[in-house]
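The entries follow in the order in which I made them.

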Amino acid sequence: MSLMAGDCLTQYNRNMRLNHTLLSALVAGALTLGACSPKVTPDPNAAIRQSVAATIAAIPAATSAPTYTPYPRPTSVSLSGLFCEYSFCIAHPADVSFFDVSAQQNPASPSTYSQGLLAAFNANLFVQLIWQYAPGSTDPQFLMDLILEDGLDTRVGNLDIQLVRELNVLASPISSTASPVLPFGMVAGWVCADRVFAWKVYSPTDGAGQSLLQEALARFACEK
């Protein structure tokens with residue numbers, strides 16, 4: 001090996017040892033600085049906030065309040081044997097029920113507040129009721145004449161004026177040939193507010209009409 005080559009190799013080795021020494025010093029210094037740097041203390045308030053947030057998130061959702069379901073309340077009076085519609089009420093025997101004759105005859109023209117026709121019947125009874133808007137009228141005879149069937153119903157005796165509760169009622173027994181099993185009956189009429197009412201009954205026994213009329217009017221009421 002030449003002298004120049006030996007000198008170069010010697011110089012190279014010196015440089016490598018210097019670099020190694022410098023690298024070791026830098027690493028040692030970095031470790032020393034890291035060890036001497038101040039430690040970060042956790043913020044207790046942040047920890048509390050995180051804990052509270054986690055607790056709230058874990059709370060189950062409240063069950064929604066049940067929806068209120070309204071239930072019908074019992075009425076103050078019994079509805080058995082009572083018809084209430086068209087702004088009036090009237091009683092009838094419990095074993096029959098009124099139906100709207102006008103609606104059955106013509107579904108497009110049922111009974112209304114202003115006028116109507118109801119009937120109720122079974123094998124031993126027939127009841128009919130009509131009404132008409134007639135403001136200012138005080139005499140129901142015109143409607144009583146209308147409810148009687150020409151050639152079938154005949155008024156027996158004179159009209160009797162009765163005071164039933166607050167109603168002035170005109171009434172008269174009738175005979176009828178409309179049904180051979182219901183030859184007896186009664187017709188009655190009265191005024192309530194701005195309407196006139198007429199009522200008729202056929203029965204198998206004489207004299208039953210008066211008690212049926214009293215029963216019907218005992219619970220009668222109309223909108224005034």
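This is a predicted model: local features need pLDDT of at least 70, side-chain atom pairs count only at pLDDT 80 or more; totals for chains, interfaces and linings use all residues.

Entry 1. I looked up L163 and found that it stands opposite N168 in β8. Strand β7 (residues 160–164) pairs with β8 in the antiparallel sense, over five bridges. I take strands as DSSP runs of E with at least two residues, numbered from the N terminus, and I call two strands paired if DSSP finds at least two bridges between them.

Entry 2. Residues are numbered from 1 along each chain as its sequence is written, and side-chain values use heavy atoms, with hydrogens and water left out.

Entry 3. Which other strands pair with β8? Strand β6 (residues 153–155) does, in the antiparallel sense over three bridges, and the bridge partner of D153 in β8 is S176. Strand β9 (residues 184–192) also pairs with β8 in the antiparallel sense, over six bridges; there S175 stands opposite F184.

Entry 4. I checked how far β8 (residues 167–176) is covered: seven of its ten residues are buried. Buried means under 20% relative accessible area, exposed over 50%, and partly exposed in between, with a 1.4 Å probe and protein chains only.

Entry 5. I turned to R165, in the loop between β7 and β8. The hairpin of these strands has two residues between them, and R165 takes a positive phi near 55° there. Most residues other than glycine have a negative phi.

Entry 6. What does R165 contact beyond its neighbours within four places in sequence? I found L217, A218, R219 and F220, where contact means heavy atoms within 4.5 Å. The C-alpha atoms of R165 and A218 are separated by 7.5 Å, although the two residues are 53 apart along the chain. The R165 side chain reaches the backbone oxygen of L217 at 2.9 Å, and a polar atom of that side chain lies 2.6 Å from the backbone oxygen of F220.

Entry 7. I looked up two further positive phi values. S87, in the loop between β1 (82–85) and β2 (88–91), has a phi near 65° and is partly exposed at 31% relative accessible area. A193, in the loop between β9 and β10 (195–203), has a phi of about 55° and counts as partly exposed at 42%.

Note on methods. Helices (H or I, at least four residues) and strands (E, at least two) are DSSP runs, numbered from the N terminus. A polar contact is a pair of N or O atoms within 3.5 Å; within protein, one must be able to donate a hydrogen and the other to accept it, and residues adjacent in sequence count only if both atoms are side-chain atoms.
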